[in-house]
Amino acid sequence: MRPSSKGFAVLGWIDGQLPWWITGPGVGLCVVALYGLVNARLGVSGAWLATIAPMEGWRPEPWRKTFLLALVGGSIVAALLGPPVVVHGYGRLSELLPPVALIPVLLLVGGALGYGARWAGGCTSGHGMSGCAAGSPDSLVMTATFFTVAVVVTLALNAVTGGAL
Amino acid sequence: MSRGARWSVLAVGAAFGFLLTVSGLGDYDTIHDGLLLENPYIFGMMASAMAVAFAGLAVLRRLGRTRFAGPLALPHARIERRHVYGGAVFGVGFGVGATCPGMTVVMTTTGGLYGLVVLVGLLGGLWLRGRVERRQRQPLSIEPLVPVVRDLARE
């Protein structure tokens, strides 16, 4: 899956990346809105967790799946309005690793994200944004931990690969 | 779930997915460069999101009630070991893959089909943690663990 020159743009209204001072406050307002409207803590890992609830024999709160569907829908709309959608690889990671090595690595990446999020009770959105904004101590600690670990891991990868990553 | 609540969740979810996508963070290099402390985008976005949400919640606290689900109940949970351990495991995934559960969706919809591989791993990881908890005879973790959403669930 290398970048190709051909793309698929339906509208191309949004050109590239919007600045952080639009997207950041925007997602902050989403957090406030979900609390203020339905008293719920916005979180994506909880939404994914709801999809495996039937396998585990429990019933998730009904809003979780609605939220996940809307999230995917909103993302598809943005992708269609944005720059041409091009099937591409995994940035510098896929330049360094062939698919046969990249796929197991990405399965482990996903596994760590899922395992850690459930263990901690939330991810970047549930703890990082919604919980921290509410000043919940568990969220502040979880967020500080994962950001610190992620920076250390990334700097280590950069050093080990001689700057390739 | 009442009609108003359902539409609210749909609107907020769609806006959230839209904003995550136009942030361009579905791209490995943007988050990776952020974690290398070479690109401030992710920190600017997180900090401004928290600041706006913090200010918005101050207003909500004054109102004290929600539109569709009764009195406002914000999460406030004490720190336990699992927040550090889980956060560390999550951080390893975040560091190596430069993605998170929300960004994986965005990566996939913008053509990064490897996002689907991460997603399979994510579901596997969620399941595996549940299995471990069951073996340890703990109650299953179903986030959030604070009673924020009980009122909504009862409808």
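Colleague: Which residues does Ser23(B) touch, not counting residues up to four places away in sequence?

Modeller: A contact means heavy atoms within 4.5 Å, and in this predicted model Ser23(B) touches Gln17(A) and Thr23(A) as well as Tyr41(B), Met45(B) and Met103(B), with residues up to four places away in sequence not counted. Ser23(B) lies in the loop between helix 1 and helix 2 (28-35) of chain B, where helices (H or I, at least four residues) and strands (E, at least two) are DSSP runs numbered from the N terminus. This being a predicted model, local features need pLDDT of at least 70 and side-chain atom pairs count only at pLDDT 80 or more, while totals for chains, interfaces and linings use all residues. Residues are numbered from 1 along each chain as its sequence is written, chains are lettered from A and ligands numbered from 1 in the order in which they are written, and side-chain values use heavy atoms, with hydrogens and water left out.

Colleague: Does Ser23(B) count as buried or exposed?

Modeller: Buried means under 20% relative accessible area, exposed over 50%, and partly exposed in between (1.4 Å probe, protein chains only); Ser23(B) counts as buried because its relative accessibility is 0%.

Colleague: How much area do chain B and chain A bury between them?

Modeller: The size of an interface is often given as the accessible area lost when the parts come together. Buried area is the accessible area (1.4 Å probe) that two parts lose on being put together, summed over both, and for chain B and chain A this is about 10,300 Å², 76% of it on carbon and sulfur atoms. In terms of contacts, 113 residues of chain B meet 110 residues of chain A.

Colleague: How many salt bridges are there between chain B and chain A?

Modeller: A salt bridge is a side-chain nitrogen of Lys or Arg within 4 Å of a carboxyl oxygen of Asp or Glu, and the count between chain B and chain A is two. Arg92(A) forms a salt bridge with Asp33(B), their closest N and O atoms being 2.9 Å apart.

Colleague: Which residues are the closest to the centre of the largest cavity?

Modeller: On a 1 Å grid over the protein atoms alone, a cavity is a set of points where a 1.4 Å probe fits but cannot get out, and lining residues have an atom within 4 Å of a point. The largest cavity holds about 190 Å³ of space, and of its 18 lining residues the closest to the centre are Thr124(A), Met129(A), Met46(B), Cys100(B) and Met103(B).

How values were computed. On a 1 Å grid over the protein atoms alone, a cavity is a set of points where a 1.4 Å probe fits but cannot get out, and a pocket is an open set with protein on both sides within 12 Å along at least five of seven lines; lining residues have an atom within 4 Å of a point. Grid points are joined across faces, edges and corners, and a volume is the space filled by probe spheres set on the points.
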